[in-house]
Amino acid sequence: MYTIGQVANFLGVSRDTLKYYEEKELVKPKHDHENGYRKYNAYDIHDIITTNFYRELDIEIRKIQEIKQCTSIIDLEHLLAEQEAKIIEEVAYKKRLLKKINSVKKDYCKIKQHLGEFTVKEMEPLEIKGEITEYAAYEEYEIIRNSTESLKKAVTLTSARRVIHFDDEGIKEERFIVVRKIEDNDKTPKGEVLSYPKCIYTVIEDGRFVNGEKNIDHEVGERLLKIAQENGYELIGKAYINILLTTYEEGLERVFLEMYAPIK
């Protein structure tokens, strides 16, 4: 017979873990009537090893309790198949999560490279999935949830685009669309596709940390028109703006926006 300290040392588990297994009736050591100390025999130690094994497979305690009550090895087969499906789903989710993290890292590189700078580049194809009245039209966010590439279907605004129609005098109209990036393997998008081979491109910083609550539309518009004139670009009168990244400094948000202004 062995003490709880000895078993913990043998198997590399904590005393609390052994007590928890006992609480869940996964192991049932005898208790010394005189001093109350636990005494573990070889069967108890085997139960602990088996429980650790199933925990390594990420099987819940409740399921391990079910395994101990199995009436046939077929019951175990069904439980393992269920656990396998769960893990396959989790692995797929982790892969999507890594893809999303890599996308955000690329957006961070865009900020470092293009913040405050103007260049000419292609706006990659986007499929329009719907439209909302404005960013603050929260009651309309269901379309964002349903169209989003977000992993947990929580609302994020990475799929929203502010579309500004303008001329030399300023903004004439704006709308807000919800889009999906078209991947290389997308053969037949169902919605309208936006694609512009040449755009004036820049990254802008907004948010209370740098601008307070000031509207920067006029300032950005003037710079855009000036860049176009200086370089002989003819704008078509539209600009597409989306949020690249939001972070915080001293408790105030820093919002980095990506802007494409198509040119003829």
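**Close-up views of a predicted model**

A search of the whole structure finds 6 aromatic pairs, a pair being two rings of Phe, Tyr or Trp (its six-membered ring) with centres within 6.5 Å, classed as stacked when the planes are under 30 degrees apart, edge-to-face when over 60 and tilted for the rest. The model is predicted, so local features need pLDDT of at least 70 and side-chain atom pairs count only at pLDDT 80 or more, while totals for chains, interfaces and linings use all residues. Residues are numbered from 1 along each chain as its sequence is written, and side-chain values use heavy atoms, with hydrogens and water left out.

**View 1. Tyr138 and Tyr141 form an edge-to-face aromatic pair.** The ring centres of Tyr138 and Tyr141 are 5.5 Å apart, with 85 degrees between the planes. Tyr138 counts as exposed because its relative accessibility is 58%, whereas Tyr141, at 10%, counts as buried. Here, buried means under 20% relative accessible area, exposed over 50%, and partly exposed in between (1.4 Å probe, protein chains only).

**View 2. The rings of Tyr196 and Tyr240 form a tilted pair.** Their centres are 5.6 Å apart and their planes stand at 40 degrees, so the pair is classed as tilted. Tyr196 belongs to strand E6 and Tyr240 to strand E7, and the pair links distant parts of the chain, 44 residues apart. Helices (H or I, at least four residues) and strands (E, at least two) are DSSP runs, numbered from the N terminus.

**View 3. Six strands close into a barrel with antiparallel pairing.** The strand order of this closed barrel is E3-E5-E4-E7-E8-E6. Neighbouring strands of this sheet are turned by 50 degrees against each other on average, direction ignored. Two strands pair if DSSP finds at least two bridges between them. Strand E3 (residues 119-132) runs antiparallel to E6 and is joined to it by 6 bridges; Met123 stands opposite Tyr196 in E6. Helix H5 (residues 73-114) lies across E3, E6, strand E7 (238-249) and strand E8 (252-262), at about 70 degrees to E6. Axes are lines fitted to C-alpha atoms, for helices over the stretch in contact, and angles run from 0 to 180 degrees between N-to-C directions.

**View 4. Strand E8 pairs with E6 and with E7.** Of the 11 residues of E8, 9 are buried, so this strand is largely enclosed by the rest of the structure. E6 and E8 pair in the antiparallel sense over 8 bridges, and Tyr201 stands opposite Tyr260 in E8. The pairing of E7 and E8 is also antiparallel, over 9 bridges, with Leu245 opposite Phe256 in E8. E7 and E8 form a hairpin with 2 residues between them. Glu250, in the loop between E7 and E8, has a positive phi of about 55 degrees although it is not a glycine. At 73% relative accessibility, Glu250 counts as exposed.

**View 5. Ile204 is a buried residue of strand E6 (residues 193-206).** The relative accessibility of Ile204 is 12%. Leaving aside neighbours within four places in sequence, Ile204 is in contact with Leu115, Ile216, Val220, Val255, Phe256, Leu257 and Met259, where contact means heavy atoms within 4.5 Å. Ile204 and Glu34 are 170 residues apart in sequence and 75 Å apart in space, C-alpha to C-alpha.

**View 6. Arg162, in strand E4 (residues 160-167), makes a polar contact with Asp217.** The two side chains meet at 2.6 Å. A polar contact is a pair of N or O atoms within 3.5 Å; within protein, one must be able to donate a hydrogen and the other to accept it, and residues adjacent in sequence count only if both atoms are side-chain atoms. Arg162 counts as buried at 14% relative accessibility. Beyond its neighbours within four places in sequence, the residues in contact with Arg162 include Tyr135, Glu174, Phe176 and Tyr240.

**View 7. Helix H2 (residues 15-23) has buried residues Leu18, Tyr21 and Glu22.** These cover an arc of only 100 degrees around the axis, which puts them on the same side of H2; the arc is that of the directions from the helix axis to the C-beta atoms. On the other side of H2, Asp16 and Glu23 are exposed.
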